[in-house]
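Here is a short note for a colleague who has not looked at this structure before. Please read it with the model open.

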Amino acid sequence: MLENAETIAPGATPVAPLPKPPRARGAVTVSGVSSPRGTEIGALRQAGSLKAMFPRRTGAELPVVLVNTAGGLTGGDRFDVDLKVGPNAQTSVTTQAAERAYRATKGQRASMISKVYVASGGRLNWLPQETILFDGCAYDRRLRVDLEDDAELLLVEPIVFGRTAMGEVLHDASFSDIIDIRRAGKPLYLDQMRLNGDIAAQMARRGTGNGAGAMACLVYASPDAEAQLDTIRAMLPPTAGASLIQGDLLAMRLLAPDSHLLRQSLIPVLNHLTNNALPRPWMI
């Protein structure tokens, strides 16, 4: 008899191990290049459950809409985005709908890794819709943006801590988020957030969220950032603030009781900074 062999009772049928549940994988690589007709697709590669759609262009910029055909994220899923904006090109990126981070199996985490490069004279509007966190989720998100000296960026990342209308409360969840923006290789803006366990209790603290159920981070890197500061501040509710980190860099944080009120405050700001060219998925 073999040592350490599993003992099976006489007449019993061996039980096959349960198959591992399927996990979603997706990757999109896209570049925008300047042409006499505006910004056009320079390169495109997509695989798995992440797709890029290109709505009809109404201006000079190339509109990109990311679609997660898996319907959300759960433990073990991984998505990668690699975006390049060429010299003097203009690109906007949004999502078809709000992303959803669902309950994960213990020990497994979902991840979204995005790498962005904006060349000299280029502009990127990075405008994904909300990420909704569900109780039991385990989600890591990383965004790295590399800007050349005179490249411009408008970036927003809204987060919803459970759907208030559905009575959802995050008592056991995990979310890790890093936004790393660099100009000419030097650190320009770094924001890191880690929430684990009873997120609802953590967000209820006065020094954290004071009971907020949704929040958004906005960064605007452009030569006119300083000129926009007073206008942006005048548009914000008492639960938001905007600061000028340096002459060409504006940062804003917005808290709201729920996603509806978050949008009410956020959309006017985005419309202002995009010259009323906010991608249509935001309005559907």
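1. The model is predicted. The protein has 284 residues, and its secondary structure consists of three helices and 17 strands. Along the principal axes, the C-alpha atoms fill a box of roughly 80 × 45 × 35 Å.

2. Of the residues, 49% count as buried. The protein exposes about 14,600 Å², and carbon and sulfur atoms supply 53% of that area.

3. Among contacts with a separation of 6 or more, 71% are between residues 24 or more positions apart.

4. There are 30 positive and 28 negative side chains. The centres of these two sets lie 3 Å apart.

5. Seven strands form an open sheet with mixed pairing, in the order β2-β1-β5-β8-β11-β13-β14. The edges are β2 (38-48) and β14 (186-197). Each of them has a single partner strand, so one side of each is left without a neighbour in the sheet. With direction ignored, neighbouring strands of this sheet are turned by 5 degrees against each other on average.

6. Strands of a sheet pair through backbone hydrogen bonds, in either a parallel or an antiparallel way. How do β13 and β14 run? They are antiparallel, and eleven bridges join β14 to strand β13, which covers residues 173-183. For a specific place to look, take Phe175: its bridge partner in β14 is Leu195.

Technical notes
Residues numbered from 1 in each chain as written. Predicted model: local features only at pLDDT ≥ 70, side-chain atom pairs only at ≥ 80, totals over all residues. Heavy atoms only, no water. Helix = DSSP H or I, 4+ residues; strand = E, 2+ residues; numbered from the N terminus. Buried < 20%, exposed > 50% of the residue type's maximum accessible area, 1.4 Å probe, protein only. Contact = heavy atoms within 4.5 Å. Areas by Shrake-Rupley, 256 points an atom, 1.4 Å probe, with all protein chains shown as cover. Lys, Arg positive; Asp, Glu negative; His and termini not counted. Charge placed at Lys NZ, Arg CZ, Asp CG, Glu CD. Pairing = 2+ DSSP bridges. Axes fitted to C-alpha atoms, helices over the stretch in contact; angles between N-to-C directions.
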